[in-house]
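Look at the sequence and the structure below. The paragraphs after them go from one chain to the place where two chains meet.

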Amino acid sequence: MIITLAGQPNSGKSTIFNDVAGYKTITANFPGKTVEYTESKIRIGKEIHTLTDLPGTYSLTSLDPAELETRTYLLKGISGITVNVIDASLLARSIELTIQLSELDVPYLVCLNMMDEAKKKGVIIDKEALSEELGVSVVETVANKGIGITDLLQTAVRDGKKTKKSATITYSKQVEDAISALIPSIRSLAARHSLPERLVAIKLLENDEYFDSLINSDSLLEEVYALRKKLEDSYGHPSDIVISSERHAEALNIFERVAVVTHAKNTTTEKIDNFLMHPFYGYVALVIVLVALFNIVFRLGSMIESPILDFFSTGVQPFILEFVPEGFATTIVSGTVDGIAGGIGIVLPFLVPFLIGLSILEDVGYLPRIAFLLDSFLHKIGLHGKSIIPLILGYGCSVPAIMGARILESRRDRFIVITLTSMIPCAARITVILALVGIYLGANWALGVFIINIVVLAIVGYILSKLMPEMAAGMMLEIPKYHMPSVKSVLNKTWFRIKEFIIVAWPIIILGSITLSFLNYYNIDSYLNTAISPLTLLLGLPTVIGVTLVFGVLRKELAMLMLFQALGTENVISIMSKTQILTFTMFIVFYIPCVATIGVMLKEIGRRDTFFAVLIGTVVAIIMAILVRIGGMLL
Amino acid sequence: MTKRLSDIAKERSVEIKGIEGGLGIRQRLCELGLHPGERVTIEKTGILGGPFMLKVGDHHIAIGRGLARNIIVEE
């Protein structure tokens, strides 16, 4: 049986999923969409079932792609039962989605999650009464402590095998009259698409575009318009607002019948927010949090990095090469080992702690607060607060960061944010900045590169949003309560993002590495150096490093190693001047993202937009490198 | 007196009278609990024309100034 988890964002759905899902969890997209769901086989008692975690949605309208896909999926009827996960401390609001689920007329049960939070807030819920109201089972859980989950799944399986109808939740007389008036006319329409009649009637009254598109007769359309008009006239609001307000009112009524609030006190969340969202201290705290995050990540990362790299270059590489015949095969093998080592030794030591840190911030509930604090700054460059989340992820690895841009609603925002994200120094590029600029020019210069990077991104963002003006709908997001993150959920989130690196980026890195040693073997690099010499000359860089610039695209984290190789020494300063080092680094930071990133960009924004994003990055890189060169000549 | 939410000074409790704008905006605002008749409290305002943080029922939402302009309220 397929058991489906549906619920509002931050209801703890994914915590439940992560608690029981095995390591064979798959993340998939709905056909042709960027909306994702995750799925895992789970064992309940003696049986194996499938657990599907749908995206969190506040309601089930057809304007939001995630909501529409969720609704379509549930209406297909492939799911044996739906578990409506509810944050018990936000019961009143959550019931609005429950009412919509009941309208879909699919079997479901309610999971009252975060019961401990509800108790702390003084909300006492009579779960029998709620079960009575909705006509479905109600199970209590505290998912982040693993309480009640076995009971939940067993109840789900048991209810999924029954064919009991849930209760119909009714609206006010006026709305019910409109529904009853419409039902006879839509009978055949509902039957043709095998949809529940009541659902079709409600959705048509609610101005739902998808259901509107099913109508194929003018007389029905006129009838729908007339009924909408009648509702609008008597309530003074558009009919969609009428229905959604009624649903809200009904949810409140149910809440009042099944729950009592014993004491409403200033919660801990509000007290913390008085500080963390303060117009001054909030920003101080933000800077401290980010500086601490990067400090821990890079201290930890560099501690792990060098022993791993040493192990590969002095242990694994010579050992394997003993068994490989001299010549061409050697280049292939050492290229492969280099590629694997690059992934394990250079990227993962930084990426893993970074993603763990970020998952903790996400689970605690700090990310939406960062969006709030930075919204007005991002507005200056034509974006809004939510964009900050993929941008921050970009400092880890561009691949998951670009996928993270899916949270943005508009296509234009996604394009701008993805273009900017590809220019943010990822862990690989940060190591280049630290190892070249940090060592040869000093820590302040390295910090300067990061600051210049942010300034340039702000300018590029500003220009792009001026070129692509759009009536931005603006930011709207929930500011959830603070939560103690659960270890399982943090590790799972980290694993999902790492998996994106391992599956998408790493194979490409290994291929790139093989190509590179191949080119070395046939001495093709000297031809490339000549071919690229107009660029190296323009930037005032030694011609021998041309190949590094070209193939930095294959593996950015190797740009530095390749530089050593090209120069024939690790003591860069003996051959390149400080200006040249800075020019090189600046170019590496901005220009064409690595092939793995290009791969994801193609998937997320298509060929044309990827081309423009890459072009923008390259132009910016050339301009910045020339500026550094000119600066160096003046000083 | 009716005003737009974006014109309200900070830390006030107001009643929503209506929502302007297209279907998309109306639905997005409604699904986060901003219905006509609902009382909301402005708890925090972001600096430099930043967003509002509102308390709606028992939860908090952040909403940009642009969107706040679509909400008609009464003090």
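Domain bounds here come from an automatic or database domain assignment. On that basis, chain A has three parts: domain 1 (2-161), domain 2 (173-261) and domain 3 (281-634). Between the C-alpha centres of domain 2 of chain A and domain 3 of chain A there are 50 Å. The model is predicted: local features need pLDDT of at least 70, side-chain atom pairs count only at pLDDT 80 or more, and totals for chains, interfaces and linings use all residues. Residues are numbered from 1 along each chain as its sequence is written, while chains are lettered from A and ligands numbered from 1 in the order in which they are written.

Next comes the contact between the chains. Two residues are in contact if their C-beta atoms, placed from the backbone, lie within 7 Å. By this rule, 31 residues of chain A are in contact with 33 residues of chain B. On the chain B side, α1(B) gives the most, with 8 residues. Helices (H or I, at least four residues) and strands (E, at least two) are DSSP runs, numbered from the N terminus.

Two strands pair if DSSP finds at least two bridges between them. The open sheet has 7 strands in the order β10(A)-β5(B)-β4(B)-β3(B)-β2(B)-β6(B)-β1(B), and the pairing is antiparallel.
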